[in-house]
Amino acid sequence: MINKKKPTNEKKTGFNKKGPNAVWLLFVLLAMGLVYLFWYNSGNRQIEQINYTNLIELISTDKVESIAIQDQHVQGKLKNGKIFETYIVSPEKICDLAKEKNIITNIIPAEKQGWGGLLFFSLLPLLLIFLWLMYMRQGQNGSSGAGKIFNVGKSKARFFSPNTINVNFKDVAGVQEAKEDLKDIVEFLKNPAKFERLGAKIPKGILLTGAPGNGKTLLAKAVAGEANCPFFSISGSDFVEVFVGVGASRVRDLFAQAKKNAPCIVFIDEIDAVGRQRGIGLGGGNDEREQTLNQLLAEMDGFSTEHGAVIILAATNRPDVLDKALLRPGRFDRIIEVPYPDLDSRFKILQVHVKNVKLSPTMDLEKIARGTPGFSGADLENLINEATLIASKANKASVEINDFEMARDKIMLGSERKTLGLSDKEKELTAYHESGHTLLNLLLPDTDPFHKVSIIPRGRALGVSWSLPEKDKYSETKSEMLSRIMVLQGGMLAEKLKFNEQTSGASNDIEVATNIARKMVTRFGMSELGPITFDDTKEHPYLGRDIQAAPRHSEKTAQLVDEQIEKIIQECYTKAQNLLIENKEKLELLAQKLILEETLQAEQVYELLNIKPRITHAWKEN
């Protein structure tokens, strides 16, 4: 998916014409402070601090010209011009001594002390810091008028006028079903009478869910572009603030602006930042978030559905944590999933992203689309960019399919570790290990078509045997799962067959194979225990990991489950071992060729082993 370049009409943040006045005021205050500090420090450097004994001695030896007494503070001038000061307990004795020596004496009453100026200059640094912080905050809030300095409760939403949104549904490749659901919103904003004549009510809120990178934000902009209406965009985190009540105030201000610009669309990205389920935390921060959510719920209840309505679009990849009150009909009436693109969608997305890329005439985007199952729109864009970078570094005239192959390998496995020094023994072990995977992948009927094998280290892997599906899979048979387990065991079995040894390189293969067998027994009912679920863990569709839950079965049942998992693993192990023994010559031939070449493509392996290539079906086959 791609967002075309377009002029934006966001409400720009920055300083208005009143900004320079504030700058000059700040500079004047700063200059006053510096002048005072210079004067105070220079004055203090000319005053000599003496003790009481020295004062008595100076007066007695007739070295003092004049003194000024203020409470217990004495400041005087010597006949040589030097200034001194000290503190005394009682001024009577000093006055008597000064009178005897005819010293000019000045008594300053305590109430005439210049404390006002001293207080002002003492607080001046704090005043400067306060003004600077307010000035910086007002700049961040996008205003600099004196009346807007404390506008922390104003909405941070960005506003796009209709004539600046040049994105429409044609710019969003794939996600056809999501676009069909969103067309209802466009039709209502364009022609509300069409719905009102039969008493229909348009959904007030639409929640877009899906994994990151699949185009939820782009879809929201496309809706605004198709409807040709104002568009407000804000992130859920923009509502949250450390000050109590600010989040709720920003919600009120956002919806007040939206009502003034109705009909319009308000898009809240990452709404889970503010819409999480209430009552699951303690503390002031949590209370502030809940107040913000409560205000959001109240505002969404206040919208009408006639002409001039405000439509709320929100996006999240964590719908499981949202508060139930937020998802009820009347607030978010419709939940639209934005899934990973299928094969046809990936092909269209690639076509959109390569418009500005100089491709080789022999480029086959269909093959790239087939080889990228599970890639999101953002992943495909990144793949094209990486391929372009690789071709540019090689000073090629155009981007070739080999550049895409290298880019995909880099994204999925990591960069080549050319500086990793493998010994000849380690290289041989890796070659037989990957040959075992490859040979079983070719011999078993229910596996994905073989793509290539390599013993060049990438990321954390010393080698890889790669197969690519012919088309997207949405379910998997028991025989396919068993074949996957056997292919995973092929590397370990090849090591044992050749060297009568097993390495730590098979640890990940063993882990994946065990997880497949466990799911077959506990989740899919593919064991002798029958079609019963023993697993309460749930796989999160957007996070890509299981959410663990406490087991609900007895220890006896857990033992039976473990026995069935072990049985599946052992049966697959025996079948895979026998298959490799029967084809030991092919294993040897493939491994030795791999040691020499390091990387072998599918065509080379088929020709080397005299195996008939698997029939590849048409890529658009349903």
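**A walk through the cores and helix pairs**

Let's start in the middle: the largest nonpolar core holds 45 residues, and those touching the most other members are Leu 442, Phe 450, Ile 485, Met 520, Ile 568, Val 605 and Leu 609. Here a nonpolar core is a set of buried Ala, Val, Leu, Ile, Met, Phe, Trp, Tyr and Cys residues joined through side-chain atoms within 4.5 Å. Buried means under 20% relative accessible area, with exposed over 50% and partly exposed in between (1.4 Å probe, protein chains only). Two or more residues each come from α15 (424–443), β12 (450–454), α16 (478–499), α17 (507–522), α18 (555–582), α19 (584–597) and α20 (602–609). Helices (H or I, at least four residues) and strands (E, at least two) are DSSP runs, numbered from the N terminus. The largest share of this core, nine residues, belongs to α16.

Before going on, some housekeeping: this is a predicted model, where local features need pLDDT of at least 70 and side-chain atom pairs count only at pLDDT 80 or more, while totals for chains, interfaces and linings use all residues. Residues are numbered from 1 along each chain as its sequence is written, and side-chain values use heavy atoms, with hydrogens and water left out.

Back to Met 520. Leaving aside neighbours within four places in sequence, Met 520 is in contact (heavy atoms within 4.5 Å) with Lys 478, Met 481, Leu 482, Ile 485, Gly 525, Met 526, Ser 527 and Ile 568. Apart from this core lies another, of 33 residues, including Ala 178, Leu 182, Ala 227 and Ala 315.

Helix α5 (residues 176–190) packs against helix α7 (residues 216–227) at an angle of about 35°, their axes 9 Å apart. Axes are lines fitted to C-alpha atoms, for helices over the stretch in contact, and angles run from 0 to 180 degrees between N-to-C directions. From α5, Ala 178, Lys 179, Leu 182, Ile 185, Val 186, Leu 189 and Lys 190 meet Leu 219, Val 223, Glu 226 and Ala 227 of α7. By class, that contact has eight nonpolar, no polar and three charged residues. Ala, Val, Leu, Ile, Met, Phe, Trp, Tyr, Cys and Pro count as nonpolar, Asp, Glu, Lys and Arg as charged, and the others, Gly among them, as polar.

Now for another pair. Helix α2 (residues 52–60) and helix α3 (residues 91–100) have axes 10 Å apart and pack at about 20°, which makes α2 roughly parallel to α3 (angles under 35 degrees are roughly parallel, over 145 roughly antiparallel, 65 to 115 roughly perpendicular and the rest oblique). The crossing of α2 and α3 is left-handed. Tyr 52, Leu 55, Ile 56 and Ile 59 in α2 meet Lys 93, Ile 94, Leu 97 and Ala 98 in α3.

Two single residues are worth a click. Leu 296 sits in helix α9 (residues 284–301) and is buried, at 2% relative accessible area. Beyond four places in sequence, Leu 296 is in contact with Val 251, Phe 255, Ile 268, Ile 271, Val 274 and Leu 326.

Zooming out, the protein chain has 20 helices and 16 strands, and buried residues make up 43% of its 622 residues.

Conventions. Left-handed = near helix turned anticlockwise from the far one by under 90°.
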